[in-house]
Amino acid sequence: MIPDSVTQQIQQSLGSNIESSQSVSGGSINRAAKVTLSDGRTCFLKWNTTADPHMFEVEEKGLELLKSANTSLRVPDVFATGKTETDTGYLLQEFITEGRSEPTSAQEFGQALATMHQHHEDRYGLDHDNYIGKLPQSNDWHDNWIDFFVEERMQPQLKMATDAGKLGSSTVARFESMYKQLPDIFPEEPPSLLHGDLWGGNYFFDETGQATIYDPAVYYGHREIELAFTHLFGGFPRAFYDSYEEAYPLESGFSQRKDVYNLYPLLVHTNLFGGSYARQVEGIVKQF
Ligand code: ADP
């Protein structure tokens with residue numbers, strides 16, 4: 001099941017053989033396996049034969065950036081990344097065993113995310129583009145959040161959805177009208193280091209109860225977009241939100257603007273999966 005070309009390349013670059021492997025399910029985009037190397041390391045291997053093979057190199061950069069924030073969030077170490085001559089991209093990282101939440105885990109998770117969000121930049125964006133799922137995510141720098149949100153997050157995804165016939169021109173008109181109202185919706189905040197794809201499937205608690213984050217789509221953005229996304233599909237404990245708020249309080253009215261931030265993941269889901277996500281996008285913008 002692991003393509004031979006990936007096995008060979010890992011053996012060449014690490015000097016260790018893959019001794020055994022076991023498929024891992026749960027990823028929405030890539031194939032994955034737990035592998036044991038001849039040097040004794042247990043690793044988590046992801047690969048993709050159809051997506052841009054450079055996807056994993058930028059995922060590695062994102063993981064490194066999250067790690068460099070030095071919070072108490074656990075971020076897997078990356079051992080190797082690359083692409084084979086058949087254009088299969090792969091990422092070999094430390095295997096982390098999922099455990100369960102200990103009494104203080106959720107609280108520490110909230111505090112740690114607040115600490116990560118207190119890593120600021122002067123501008124919104126990143127020094128490289130990356131991917132959200134398997135779709136390209138552009139991160140050109142902008143001095144203000146609204147320009148970044150509209151030009152880097154809304155417009156590319158909206159264009160993709162309309163080009164594919166998933167959303168129509170009346171929805172585009174609603175978006176245009178919403179853009180004009182954004183100065184009254186978004187509170188001004190400095191750009192924060194974001195995981196960028198923080199839903200319930202991209203974190204777990206390890207065997208010691210430490211929150212572990214992976215599969216990021218990192219950039220410096222408005223921290224509320226990250227928190228809004230945690231609410232979209234759920235899976236984050238109450239204590240996580242309470243301790244986040246205590247460490248780094250939100251401006252009032254966050255719950256009223258949550259849906260506007262979530263237009264981004266909903267547009268991405270419309271483009272990746274279509275169907276009901278397009279209806280949710282229409283439902284949110286029809287109020288504008
Ligand atoms: P995809 O890029 O396909 O969405 P993910 O990176 O989200 O894949 O990984 C899929 C699943 O594998 C996750 O939901 C998680 O349960 C598990 N996982 C992710 N990273 C690791 C890791 N380093 N060690 C062990 N399991 C992991």
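These notes cover the pockets and the sheet of a predicted model.

1. **Largest pocket, extent.** The largest pocket holds about 990 Å³ of space. Its lining counts 45 residues. Nearest the centre of this pocket lie Gly-27, Gly-201, Asn-202, Tyr-214 and Asp-215.

2. **Largest pocket, sources.** Both domain 1 (4–94) and domain 2 (105–285) supply at least three residues each to the lining of the largest pocket. Helix α9 (residues 263–273) contributes the most, with five residues.

3. The lining of the largest pocket splits into 24 nonpolar, 14 polar and seven charged residues.

4. **Second largest pocket.** Here the volume is about 150 Å³. Residues lining the second largest pocket include Tyr-124, Trp-145, Phe-186 and His-222. Asp-143, Glu-188 and Glu-189 also belong to this lining. By class, the lining has six nonpolar, two polar and three charged residues.

5. **Sheet order.** An open sheet is built from five strands, ordered β1-β2-β3-β5-β4, with antiparallel pairing. From one strand to the next, the twist averages 20°.

6. **Strand pair β2 and β3.** Strand β2 (residues 31–37) and strand β3 (residues 42–48) run antiparallel and are joined by six bridges. Ala-32 sits opposite Lys-46 in β3.

7. **Helix on the sheet.** Helix α1 (residues 4–14) packs on the sheet and touches β1, β2, β3, β4 and β5 (89–94). The direction of helix α1 makes about 55° with that of β5.

Methods:
Residues numbered from 1 in each chain as written. Predicted model: local features only at pLDDT ≥ 70, side-chain atom pairs only at ≥ 80, totals over all residues. Heavy atoms only, no water. 1 Å grid on protein atoms, 1.4 Å probe; cavity = no way out; pocket = protein on both sides within 12 Å on 5 of 7 lines; lining within 4 Å. Points joined across faces, edges and corners; volume = space filled by probe spheres on them. Helix = DSSP H or I, 4+ residues; strand = E, 2+ residues; numbered from the N terminus. Nonpolar A, V, L, I, M, F, W, Y, C, P; charged D, E, K, R; others polar. Domains from an automatic or database assignment. Pairing = 2+ DSSP bridges. Axes fitted to C-alpha atoms, helices over the stretch in contact; angles between N-to-C directions. Contact = heavy atoms within 4.5 Å.
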